[in-house]
Amino acid sequence: SDERILGSSDFVQSILDTQNEYMERKFRYRAAGINIDTVVEKVAEMYQLDPESLLAPGGRGLYAAGRALICFYSVKELGMQGIRVAKRLGLSPSAVTHSVKPGKKIAEEEGVNLKFFN
């Protein structure tokens, strides 16, 4: 049990297991040198765009979708702080926070899996 989590022992265990999986995945990414630049490259390749164009301000369509995916994967998969992602993308931290949810939706709807590992 963990006194920080309220609920049945099964619920507490499921929360702890989920958190452990997330931490292991985050460590694995860092150990392999996967960072936001890796995400930018993968998204650019997926949309057949120049990686630098995804880092440029403005843009709509694929550029906005690409940046949303970058925000989602960087924050949720790599565990990066929004402020670090914001600096790299030239966005405000709140724009990064607001882009995570659309990025997740795009990933789900388009079946995007950046597959950092085989």
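These are my notebook entries on a predicted model of one protein.

**Ground rules**

I number residues from 1 along each chain as its sequence is written, and side-chain values use heavy atoms, with hydrogens and water left out. Because the model is predicted, local features need pLDDT of at least 70 and side-chain atom pairs count only at pLDDT 80 or more, while totals for chains, interfaces and linings use all residues.

**Overall layout**

I looked up the secondary structure first. The protein has six helices and zero strands. Helices (H or I, at least four residues) and strands (E, at least two) are DSSP runs, numbered from the N terminus. Along the sequence I read α-α-α-α-α-α.

Next I checked burial. Buried means under 20% relative accessible area, exposed over 50%, and partly exposed in between (1.4 Å probe, protein chains only). Of the 118 residues, 37% are buried.

Then I looked at contacts, meaning heavy atoms within 4.5 Å. Among contacts with a separation of 6 or more, 58% join residues 24 or more positions apart.

**The core**

**Aromatic rings**

How many aromatic pairs are there? I found one aromatic pair. The rule pairs rings of Phe, Tyr and Trp (its six-membered ring) if their centres lie within 6.5 Å; planes under 30 degrees apart count as stacked, over 60 as edge-to-face and the rest as tilted. The ring centres of phenylalanine 72 and tyrosine 73 are 5.1 Å apart and their planes stand at 70°, so this pair is edge-to-face. Both phenylalanine 72 and tyrosine 73 are buried.

**Helix α5**

I found Val85, Ala86 and Leu89 buried in α5. Seen down the helix axis, the buried residues of α5 fall within an arc of 100°, so they line one face. The arc is that of the directions from the helix axis to the C-beta atoms. They pack against α2, α3, α4 and α6. On the other side of α5, Arg84 and Lys87 are exposed. Just after α5, glycine 90 takes a positive phi of about 70°.

**Helix α6**

I noted that α6 bends by about 30° at valine 100, and proline 102 follows within four residues. The bend is the angle between axes fitted to the seven residues ending there and the seven starting there. The buried residues of α6 are Val96, Ser99, Val100, Gly103, Ile106 and Ala107. Their cover includes α2, α4 and α5. After α6 comes glycine 111, whose phi is positive, near 65°.

**Two single residues**

Where is glutamine 48? I found glutamine 48 in the loop between α2 and α3. Its phi is near 55°, a positive value in a residue other than glycine. Glutamine 48 is exposed, with a relative accessible area of 73%.

Glutamate 77 lies in helix α4. Is glutamate 77 buried or exposed? Glutamate 77 is buried, with a relative accessible area of 16%. Its C-alpha atom is separated by 6.8 Å from that of lysine 26, 51 residues apart along the chain.
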